[in-house]
Amino acid sequence: MRLIVPLQAVAQGRGGLVLGSLIPCALFYFLQFYLRRHRPSSSSSPPPSSSDSNLSELTSMHRSFSRNLLSTRGSAGPSCISSRGAALARGDDNPYYVGLKRCAEDPYDASSNPDGFVQLGLAENRLSLDLIRDWLVSNWKDSLLSEEQELSVRGLATYQPHDGLMELKMAVSEFMGHIMQGSISFNPSQLVLTAGATPAVEILSFCLADAGNAFLVPSPYYPGWDRDIKWRTGIELIPVPCRSTNNFNISIPALERAFNQSKKRGVKVRAVIVSNPNNPVGNLIDQETLIGLLDFVTEKNIHLISDEIFAGSTYGNDQFVSVAEILDVENFDKSRVHIIYGLSKDLSIPGFRIGVIYSHNENVLAASSKLARFSSISAPTQRLLVSMLSDARFISEYLAINRERLQNMQALFVDGLKELGIKCASSSGGLYCWADMSKLIGSYSEKGELQLWDRLLNVAKVNATPGSTCHCIEPGWFRCCFSTLEKSDIPLVMERIRTVIQSN
Amino acid sequence: MMLTGLIAPFHFSFTWFVACFLKLTTMAKSCVPLSELATSNTHGEDSPYFAGWKAYDEEPYDAAENPSGVIQMGLAENQVSFDLLEEYLEQHPEATGWGCGISGFRENALFQDYRGLRAFRQAMATFMEKIRGERAKFDPERIVLTAGATAANELLTFILADPGDCLLIPAPYYPGFDRDLRWRTGANIIPVHCNSSNGFQITTQNLEAAFAEAVAMGFRVRGVLITNPSNPLGTTISRPVLEEILVFAARNDIHLISDEIYSGSVFSPDEFVSMAEIVEERGYKDCERVHVVYSLSKDLGLPGFRVGAIYSYNDRVVTTARKMSSFTLVSSQTQKMLASMLSDRVFVENYLETNRKRLKERHDYIVEGLKDAGIECLRGNAGLFCWMNLAPLLKETTREGELELWKLILQEVKLNISPGSSCHCSEAGWFRVCFANMSQRTLEVALRRMRNFMDGPTPIRRITSLPFKAEMALKQKAYSDLESQAHLQIYLKNKHEDALSLLQEEARIKDETIAHQQTLINLMKAELAKTRPPSG
């Protein structure tokens, strides 16, 4: 419809007898032409009709695949679950989740369980918990009850806006501004709050792409995305490999190639999703690359999702630049850029489940605030955080101390690995380092890498995340999270890794 | 190409069109595309159910500030027992700790286990057992926590149905289901139509009819979802009906979701039978297809805390739901806080009993009040609402007629009630009226408004068919006669202070009324015999 209406306006404007008779005729052919060209791609999500001959080979392959799934399930017996549900039941053997599970079952503890598994696979920050705890101990009562007595239960118990209390939105946007060191300010009305960054990413994906569409993802990328983004939305993630030769920086030509390839396959790319600081590498995206990315998504008319959940967990000399900052300065279309944030990493309270979608696109905001009803944050938790985040002195103190502790820990851990002969990619943010253990693997392949992972887990009882789960194309890289450790644990971890190296 | 061949003779217009075309494509480009989900209106929030909320938001009633504002009777929220919660929090500030005490803070802040806090799941299981009078057992390991029952129901739909499949839901049903269960999952809902002739009870015939309808439409039916106690009816489902539903699900090899979020809001605890009880009585036969949904939003009046739960007897569903719950986890701080509250037996018992009593009082009050105004409600025994019949007021018994009346009540009576059509009720003229989300005084105002409306020039049903018209005319005459009798009664009551004479008077009137009715009935019969063509 959008096409027809302006054309009619143009036609009327130019008028004329000859044109008047020619235009409807030509218009008809153009419409036919236009519709024929655009139909296959734009109608990919309505109910699948196998008769649609315009569908490319791959889409039909994808569909028949899911049909296969259905039929096997149909014969599996009574009260079967959906193929969506079944898809994940099979995903259990992913080393990322296997390792997490093993650690959860038998976690290392210096005093009570010294033989347990050391968790290097979970990006969790335990370095500054004491600060948060101290604040809560002295403030929690005030934050919930005494401020306005009237508010207490009524303001907590009843239905609240699904996309977060305005007070918390204001506090969070302030906090985000603080993390960017005041270089930009975030508009609270452009925030949607969800129960953690996981639903934030998923809700955003639901808004940006239909089932069968794809996102380009510079790899290595966070292994959780394979579940968080793909599972329920039906979106495909296309890894765009980065190489160790330039410290895994994003290459725009590689994105271009991946875009063209998927176009050839008939898969519609709807967005590029990046993490900045990168998870798992820990490097930052520099200003130049950000502009390159923005140019790329503008040219292709697609979205850019920037996951900046580690923005406050940076260290070192490189300055973190948010994509929001570039948007502020340069003249780009803001409606295609979306930022994911959360308090789980920077404020180390993953248990509280606070995630953020920040977008300039009104339609995305409208849809995602409606979708937030499926993952709203508990009101008492919101109230508590409003007062915590509003305590400006505490926040700046916390951020400074946390950064310092993170830097110390990172230095200690990376040095420890260095002594073992393991080098890490240079990094400036995140709760982990990206270690190159390719010299330790038997065969230079994914198999060799997984063998090493298996020995690290079962012999040394250390759970690191193998690069293959992050879709890294170079084998032998491992993500090691160090912020769950105490300083005193490091020698033990290094010792355990050494046993694996020596048994080689 | 054929296309260029045709256009070429008109070279001028061709180039001009190309220019236009290019311009248009770039125009389209400047608007970066979104998904269908984000742009379509499958969220269903355009229905009157939500429109009424908007009207309320624009002009909310406030006794002091805005006494002529809209009273919200469309929100099933329980505020009648807030004082009990407040009292508890006051008495146990440390015990609740708001999850922030020193002890266990570390675990609390970092807690990311999808299973949820063990202590909280245990407390939930005990609470659910308590509500069911200990007649059913719940294993904490089978409880999957979600951020509210909305998410719980959506999650189950994600797991049980693929896009294009469908669920059967006895109608009238909660209007939110259209959005919650369909929007992201791509599943469909086929209503199982129930009607007032048997008090909107679910029957096997109705279920089978809906199943056949779904199959005829080419859907694969994956489950049946019931709300027990029913939202919007405010009634519980009886044991034999529950058994029938389970047998139906087993016979057709589909799942059965039993949404029991109002189970603690049944006025008398014996009147509620949980699907869990049926499952246990049958020795867990067919239990792998049964899933129970629960939440603390209604029974504990804590929707702001966003706590919902799935209890499934199917291991695969439990495992998958637990993984999927990563999209909708409950804050650990909230879990911890509620764990201590729900573990306090004295509090829980007192709360449940008092809450039930208060809800019943509220319910009886509004039903009586409406009766005085001449409005009948379906006999309810649970929930935060009653199911009100305004069919006699409809100009025409259609959806349009109902919405017209709904609009009239919203705009002139200034009450936001939910029309039955938004609940997919097959009969026009029914409305859901919530009574627990306001103070007693506000409820009184609402009832007064309703009474004034009924006493005013209310629209009378337009009568169409002729024999029916005659019947109705007679009926109306009978009604008005009875009404004048009633007025006389009141008059006499006031006049005769002597009790005995009053009684005698009443007895006489009764006799007279009966005689009068008898003559009326005879009259009616004669009239009907006249209008009906002689048969045989």
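Reply: Two strands pair if DSSP finds at least two bridges between them. Helices (H or I, at least four residues) and strands (E, at least two) are DSSP runs, numbered from the N terminus. This is a predicted model, in which local features need pLDDT of at least 70, side-chain atom pairs count only at pLDDT 80 or more, and totals for chains, interfaces and linings use all residues. Residues are numbered from 1 along each chain as its sequence is written, chains are lettered from A and ligands numbered from 1 in the order in which they are written, and side-chain values use heavy atoms, leaving out hydrogens and water.

Me: Which strands are the edge strands of the open sheet of chain A?

Reply: The open sheet has 4 strands in the order 9-10-13-12, with antiparallel pairing. An edge strand here pairs on one side only, and in chain A these are strand 9 (423-424) and strand 12 (465-466).

Me: Which residue in strand 13 of chain A does Pro466(A) stand opposite?

Reply: Strand 12 and strand 13 (residues 477-481) of chain A pair in the antiparallel sense over 2 bridges. Within strand 13 of chain A, the residue opposite Pro466(A) is Phe478(A).

Me: Why is strand 7 of chain B largely enclosed by the rest of the structure?

Reply: Buried means under 20% relative accessible area, exposed over 50%, and partly exposed in between (1.4 Å probe, protein chains only). Val290(B), Val292(B) and Tyr294(B) are buried on one side of the strand, and His291(B), Val293(B) and Ser295(B) are buried on the other. Strand 7 (residues 290-295) of chain B is therefore largely enclosed, the count of its buried residues being 6 of the 6.

Me: What is the bridge partner of His291(B) in strand 8 of chain B?

Reply: Strand 7 of chain B also pairs in the parallel sense with strand 6 (residues 255-259) of chain B, over 4 bridges. With strand 8 (residues 308-312) of chain B, strand 7 of chain B runs antiparallel and is joined by 5 bridges. In strand 8 of chain B, the bridge partner of His291(B) is Ser312(B).

Me: How far apart are the end C-alpha atoms of helix 17 of chain B?

Reply: The expected span of a helix is 1.5 Å times one less than its number of residues. Helix 17 (residues 399-413) of chain B has 15 residues and so should span 21 Å, which agrees with the distance in the model, where its end C-alpha atoms are apart by 20 Å.

Me: Which residue takes a positive phi just after helix 17 of chain B?

Reply: Among the buried residues of helix 17 of chain B are Leu410(B) and Val413(B). Just after this helix, a positive phi of about 60° is taken by Lys414(B).
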